[in-house]
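User: I am new to this structure and would like to learn how to read it step by step. Could you give me the general idea for each feature and then show me the case here?

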Amino acid sequence: MPGLRAPSDYSQEPPRHPCLKINAKQPFNAEPPRSALISSYVTPVDLFYKRNHGPIPLVDDVEKYSVSIQGLMENPRELFMKDVWMLPKYNVTATLQCAGNRRTAMSKVKTVKGVGWDVSAIGNAVWGGAKLADVLELIGISKGTSTTKSGGKHIEFVSIDKCKEENGGPYKASIPLSQATNPEADVLLAYEMNGEVENVNTSDVFFSNTSSTLLVMSSESKKFTFGKVIESREQKCFKFITVILNLLHLLNNTDISMLLVISKPLNRDHGYPLRVIVPGVIGARSVKWLDAINIIAEECQGFFMQKDYKMFPPSVNWDNINWPTRRPLMDFPVQCVICSLEDVSAVKPGKLKVSGYAVAGGGRGIERVDVSVDGGKSWIETPRFQRPGVSYVADDTRSDKWAWVFFEVTVDVSQSTEIVAKAVCGFSSQRPTCNCARDLESERGTEHFMAQGSSPGWTFEHVNHTKWILVAAQMCPSP
Ligand SMILES: Nc1nc2c(c(=O)[nH]1)N[C@H]1C(S)=C(S)[C@@H](COP(=O)(O)O)O[C@H]1N2
Ligand SMILES: [Mo]
């Protein structure tokens, strides 16, 4: 592949933030401290967890870089970055979570295989890129297609990194074609992560970056106006838009403010120059450093689809496991984690802030997050938000459908106790059933919600740990 290459050793790894807790050095696997995780709704790139299975690929010449698209389809072709850039750009705020998140808690119950993760193998980012549905349409596979004429039902994403599990071959995964061709599923070929937002003055907008996005909003209502997002890769066009906005400002006397979102290409750890983002689905399917896309009849036969990231009942062990009996995991289950306290924290009697994140796969909103300060006997519903000061309502058009939700509540503690949190999510109308159901509790007889359960948090396959989060608050004696 011209443009992109995969080193066979770890001598050319990118620099990383010193605050990351390293769970494995080679390949590099690291997560931020849990307190840092909830200090920002959009996780800074430096602190975003890094999950790799081999050395990080390098790009020699991004103009030469291309993705080959072939398989059970009519017009195979090479897709260059300029082809992707030409398509409408979407910024999708989506939480990525590794199925191995919270694995260390599982290992307290019984030994498990795999990289040990605390609670921060998760992060929320604004991914900028083209919708895969648009890319596929460009090559003749129309929106809503679930089977191509030649029998293609799945879309496989292949990288170029050298993974031990694939005997030195690349990382790969697939999703159903119907999901890829559904624009509502927001599957992206992403080239940017977390553009920076700056307030700009209507009179002196300075566009240094040709792929920046201009957001316009009225300052009283804080709502986007003038068509929400105006974007272009052409500086000239930005200037023109600015002039129009100034005129509108004069004519309407509307107080408008403008935000400039400065594009930030993906960094090497997160898939530069192009990666897949499959919102609401375990991170393993969001293939980084994309090299090829294949339209195939069956699910991808790679290690990470067939011999990992599946769930089995506790009766299964490494001797009697029969991999083909289970489907590959896709949507992640409902999950919430207290991040303001460590597993065991020394606290003073009185008021205590309990906060953390809650998230559900498949675009299911978070209906509730409840906290208990008596080990799960009685519960308090917590206030929830995505943006500070704006309360979160599941399924509201202003809520980010694919993103986590923070919860925060102040409780009274007078003695050493166990503090527990659990989340309840709704069923999405688009994906009413999923293969994520585990540890489910019926929520007071309603069929429309799923809640995290308290039953043993161990599965043989060590993925999708969603047992109630439980932390211990130990009283410090008053001085
Ligand atoms: N090419 C490639 N893509 C990959 C992986 C990988 O090792 N190689 N890891 C996967 C897994 S298991 C996860 S959880 C996410 C992690 O993405 P991040 O490192 O950007 O957080 O990428 C996925 N995509
Ligand atoms: Mo993962």
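Predicted model: local features only at pLDDT ≥ 70, side-chain atom pairs only at ≥ 80, totals over all residues.

User: Where can I see strands pairing in the parallel sense?

Analyst: Look at E6, which pairs with strand E18 (residues 292-296) in the parallel sense over 4 bridges; in that pair, glutamine 70 stands opposite asparagine 294 in E18. Strand E6 (residues 66-71) also pairs with strand E7 (residues 77-80), in this case in the antiparallel sense and over 4 bridges. Serine 66 stands opposite phenylalanine 80 in E7, and a hairpin of 5 residues joins E6 to E7.

User: Which other strands does a hairpin join?

Analyst: E2 is joined to E3 by a hairpin through 4 residues. Strand E2 (residues 21-24) and strand E3 (residues 29-31) pair in the antiparallel sense over 3 bridges, with glutamate 31 in E3 as the bridge partner of lysine 21.

User: How should I read a nonpolar core, and which residues have the most contacts inside the largest one?

Analyst: The general idea is that, in soluble globular proteins, nonpolar side chains tend to be buried together. In this model the largest nonpolar core has 105 residues, and Leu189 and Ala358 are those with the most contacts inside it. Strand E26 (residues 417-426) gives the most to this core, contributing 6 residues. Because domain 1 (4-191 + 265-309) and domain 3 (335-475) both give residues to the core, it lies between them. Leaving aside residues up to four places away in sequence, leucine 189 touches Val84, Gly129, Ala130, Leu132, Val135, Leu274, Val276 and Leu290.

User: Is tyrosine 272 buried or exposed, and why?

Analyst: The reasoning rests on a count, since a residue is taken as buried if 20 or more other C-beta atoms lie within 10 Å of its own. Tyrosine 272 has 23 C-beta neighbours inside 10 Å and therefore counts as buried. Tyrosine 272 lies in the loop between strand E16 (256-262) and strand E17 (275-277). With residues up to four places away in sequence not counted, tyrosine 272 touches Val59, Pro265, Leu266 and Asn267. Tyrosine 272 and glutamate 192 are 80 residues apart in sequence, while their C-alpha atoms are 8.5 Å apart in space.

User: Which residues come nearest to ligand 1?

Analyst: There are 19 residues around ligand 1, of which His53, Cys98, Ser159, Tyr171 and Gly283 come nearest. When the residues of this shell are divided by kind, 8 are nonpolar, 6 are polar and 5 are charged.

User: What does the protein look like when it is read as a whole?

Analyst: Its secondary structure comes to 7 helices and 29 strands, and 46% of its 479 residues count as buried. Among contacts between residues at least 6 apart in sequence, 73% join residues at least 24 apart.

Note on methods. Residues numbered from 1 in each chain as written. Chains lettered and ligands numbered in written order. Near = placed C-beta within 6 Å. Nonpolar A, V, L, I, M, F, W, Y, C, P; charged D, E, K, R; others polar. Core = buried A, V, L, I, M, F, W, Y, C linked by C-beta atoms within 7 Å. Buried ≥ 20, exposed ≤ 12 C-beta atoms within 10 Å, placed from the backbone. Helix = DSSP H or I, 4+ residues; strand = E, 2+ residues; numbered from the N terminus. Domains from an automatic or database assignment. Contact = placed C-beta atoms within 7 Å. Pairing = 2+ DSSP bridges.
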